[in-house]
Amino acid sequence: MAGRDPLVNAGTVRVGPMVFVRLKLRLVAGNLRGSTQRLLGFVFTTIAALLFGTVGFLMMSSLRLASADVAVETVTVLFTVFLVGWAIVPLLAFGVDDTLDPSRLALFPLRTGQLVTGMFAASITGVWPLASLAVTAGAVAGLATGIGGVLLGAVVVLLHFALCVMLSRLVTTSLSGILRTRRGRDVLAVSVVFIVLAAQLPNLLINGGVSADPRAVLHALASALSWTPSGVAARSIADGGLTALAGAALLALLIAGAGWLWIAALRRALVTPDASTQGASVRNSRGLPAKVLPDGPLAAVVGKEFRYARRDPRGRVGWFAAIAVTGVMAFSMYGDGEGAAGGVLAIAPACIGAVMISIQWCNAFGIDGRSLWMNAVAYGSDRDWRTDIAGRHLAVATIAVPLLLLLAAVAALLSGDVGWVVPAALTAWGVLGAGLGVGALTSVLVPYTVPERLNAFTGAAPGQGGIAFVASFGALICTGLLALPIVLPVLLGLTWVSALAVPYGLLLSWGGRRIAGKIAFARYPALLQATSVAT
Amino acid sequence: MADITEAVRTRGLVKRFGQQVAVGGVDLVVPQGGFAGLVGPNGAGKTTTLSMVTGLLRPDDGSVHIGGADVWRDQGAVKARIGVLPEGLRLFERLSGRELLSYNGQLRGIPKAEVDRRAEELLNVMALTGSADKLVVDYSTGMRKKIGLAAALLHNPDVLFLDEPFEGVDPVSANTLVEVLRRYTASGSTVVFSSHVMELVERLCDWVSVMDRGRIVAQGPLDEVRAGRSLNEAFLALVGARGDGDPAGREGLSWLGATPS
């Protein structure tokens, strides 16, 4: 049906893929306007992408120097990494790019076909997609033989690239309904930790000396992957003959299949409303200390912190990350710490755990962020702010103290002498106290906003990355220095010093709270502003 | 010395953001008791003024007195006496409505049993009992305004500051909000709120302050400010209907509307 306005009608102006490409470029440009920091960041990523593309291309080309088998196997593995990367990375950074969210385009009179080609074009616009195409193209230079092989190889590379993009669109579109709901985003935010961990896995395996022979590992991996689309693509490029044609046909078929699924998902996503407001009720539990503590602000803050640790994905991610990083570091220490004394192996993991946990609180007000005004309108003195920080510390300590004890026990068991558990736990508790004291200061001196929507690449609001870096590294270094007086003697064998660790930690955290309370009261309007930056 | 019948009085309040002067010397006066409206176009500085008055944003210059006490010098005394609902509905998202109220009450040192009693009554009056155990993040706009108002009322303040309390609220919830506020002011308490809805300001307020471009352009009893006109007319005359082009003009937009056949 034609509209009542003859000019507003499909057909008079073609909405082709170029419109979407220009929209994407505009969005990128608009995002950079007026912010030197973001502009610098953009220049930096562009350079990084160019480097990645060039170096990747050259490395892929240099596979020609390796034996044919190794070359094909390497390309198989790398192509698979690309395919999986394309499927996962945009998911973790969902919201970075407005052209990717189909719901924003739902109201425009576009046919699904136009939308598909347009969004496809938009998603290959950008420095990273082009860089990854360049690296993929390196495989042609590295594997193909003869002019026919190069031509077919180029086709296969383009097809594989298109498959990557299609898969990535298919995944984000079919999940976009979930990603728009609160619960879906919560789950995704927490899963970020596991993906970051999974990325650590190969590193850990190699560190642990599990891999005997890299050549054998590569062969095993590649043969497992040989019938995936990436494996087919790699062999097609190397073969160049009829097999290559068959491979290209298979890839084209897969693209068509993924495209069809994508269109179906897109159709559904455009008409499915967000049904996330039907939230369930929550249990009303406050955690043990809030029940024991007398009524008042301290109990209120402790109770709130407990609920946030459990209900806010950012809180959960913080705890998971602290434990995971500790595990990774401890594991790699066992890997190459053969000569170290038993005491070191027992004490170091617990202390690292204490530092990692306390670092999560180097921006204690960041998660409250935009709701912190509620505390500010109630607090009329530096004592109130000190109580608030004490409540946060108490909540952290209630979770961290048993956790560190457990960690110390496990580490002591592994080190071969269970007796180490006492000094290890005591020292770790002391380090935790020092870390919390330092964290109280960084929380009020260099506060920053923790975005509602976490992604794997940044923990701060746009433009505050530098502040976040200063806060966490400043806290890390200061905690390390302040912890030395208790950790070093214990590590050197003066075990009795660990008896002083807990009083030392308590003193430092008390001092930190006292100074931080005064600073917070003096500059809380700035604190409110820094923690409520729009994200 | 501040007049004791004045609930709020600011003198020469100034706030600059970089080059831009958001509030340029505001002398806001609000008498004790009843509703006072703060009206003005977008960007007039209403939110900035209210933030400075409620102690959430430090003014570059000037002073604020609430009930005779200096907001920035005597914070403890002032903060116990005021309730605030800022713009943007920024609440603790991961608490349930009931938990949010009890958090606020305990933060202000009210005994737990009393907090629970008041919270229950407020939830009941605000028609939020059914959603009291849902997380605030899942609340609708109207529910968020209501729970925010309940949290601001919990400690029974003398003066209540509300920034755009009726924006985006459905008529049923708006009516609930008005009823609660009417009961609150009936005993002599003061409500200061900013709004774009002139009919509502006209219906509720006895006192109006009109802001434009960071200054107060008119202030006084409602009848004095509107001077025989409707408040909407008076407001448009005060701030000038600038930037609207030529609404009655026939130039441009000739294509808009049904196509003549």
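This is a predicted model: local features need pLDDT of at least 70, side-chain atom pairs count only at pLDDT 80 or more; totals for chains, interfaces and linings use all residues.
1. Two strands are taken to pair if DSSP finds at least two bridges between them, and helices (H or I, at least four residues) and strands (E, at least two) are DSSP runs, numbered from the N terminus. In the hairpin formed by β1(B) and β2(B), with two residues between the strands, G18(B) takes a positive phi near 65°. Five bridges join β1(B) to strand β2 (residues 20–26) of chain B in an antiparallel arrangement, and within β2(B) the bridge partner of K15(B) is V23(B).

2. Residues are numbered from 1 along each chain as its sequence is written, while chains are lettered from A and ligands numbered from 1 in the order in which they are written.

3. Chain A has 20 helices and zero strands in its secondary structure. Of its 535 residues, 44% count as buried, a residue being buried if 20 or more other C-beta atoms lie within 10 Å of its own, exposed if 12 or fewer, and partly exposed in between, with C-beta atoms placed from the backbone. Two residues are in contact if their C-beta atoms, placed from the backbone, lie within 7 Å; among the contacts in chain A with a separation of 6 or more, 82% are accounted for by residues 24 or more positions apart.

4. A nonpolar core is a set of buried Ala, Val, Leu, Ile, Met, Phe, Trp, Tyr and Cys residues joined through C-beta atoms within 7 Å. The largest such core has 161 residues, and those with the most contacts inside it are A350(A), C351(A), L404(A), A408(A), A424(A), A428(A) and A150(B). When neighbours within four places in sequence are left aside, A424(A) is in contact with A346(A), I347(A), A350(A), A408(A), A411(A) and A412(A).

5. At the interface, 33 residues of chain B are in contact with 30 residues of chain A. On the side of chain B that touches chain A, α2 (75–81) and α3 (97–107) of chain B each supply at least two residues, and the largest share, five residues, comes from α3(B). The residues of this side divide into 13 nonpolar, 10 polar and 10 charged, where Ala, Val, Leu, Ile, Met, Phe, Trp, Tyr, Cys and Pro count as nonpolar, Asp, Glu, Lys and Arg as charged, and the others, Gly among them, as polar.

6. Chain B contains an open sheet of six strands in the order β7-β8-β9-β4-β10-β11, with mixed pairing. Because β7 (82–85) and β11 (215–221) of chain B stand at the edges with a single partner strand each, one side of each is left without a neighbour in the sheet. Neighbouring strands of this sheet are turned by 15° against each other on average, direction ignored. Strand β10 (residues 207–212) of chain B pairs with β11(B) in the antiparallel sense over six bridges, and the partner of V210(B) in β11(B) is A218(B).

7. Two helices lie across strands of this sheet. Helix α5 (residues 141–153) of chain B lies across β7 and β8 (159–163) of chain B, running at about 165° to β7(B), whereas helix α9 (residues 231–239) of chain B lies across β4 (34–39), β10 and β11 of chain B, running at about 30° to β10(B). For these angles, axes are lines fitted to C-alpha atoms, for helices over the stretch in contact, and angles run from 0 to 180 degrees between N-to-C directions.

8. Further pairings involve strand β1 (residues 6–17) of chain B, which pairs with strand β3 (residues 29–31) of chain B in the antiparallel sense over three bridges, and which five bridges join to the antiparallel strand β5 (residues 61–66) of chain B. V8(B) has V30(B) as its bridge partner in β3(B) and I66(B) as its bridge partner in β5(B).

9. Two backbone positions deserve a check. N156(B), in the loop between α5 and β8 of chain B, has a positive phi of about 50° although it is not a glycine, and with 12 C-beta neighbours inside 10 Å N156(B) counts as exposed. R213(B), in the loop between β10 and β11 of chain B, has a positive phi of about 45° and is likewise not a glycine; with 15 C-beta neighbours inside 10 Å, R213(B) counts as partly exposed.
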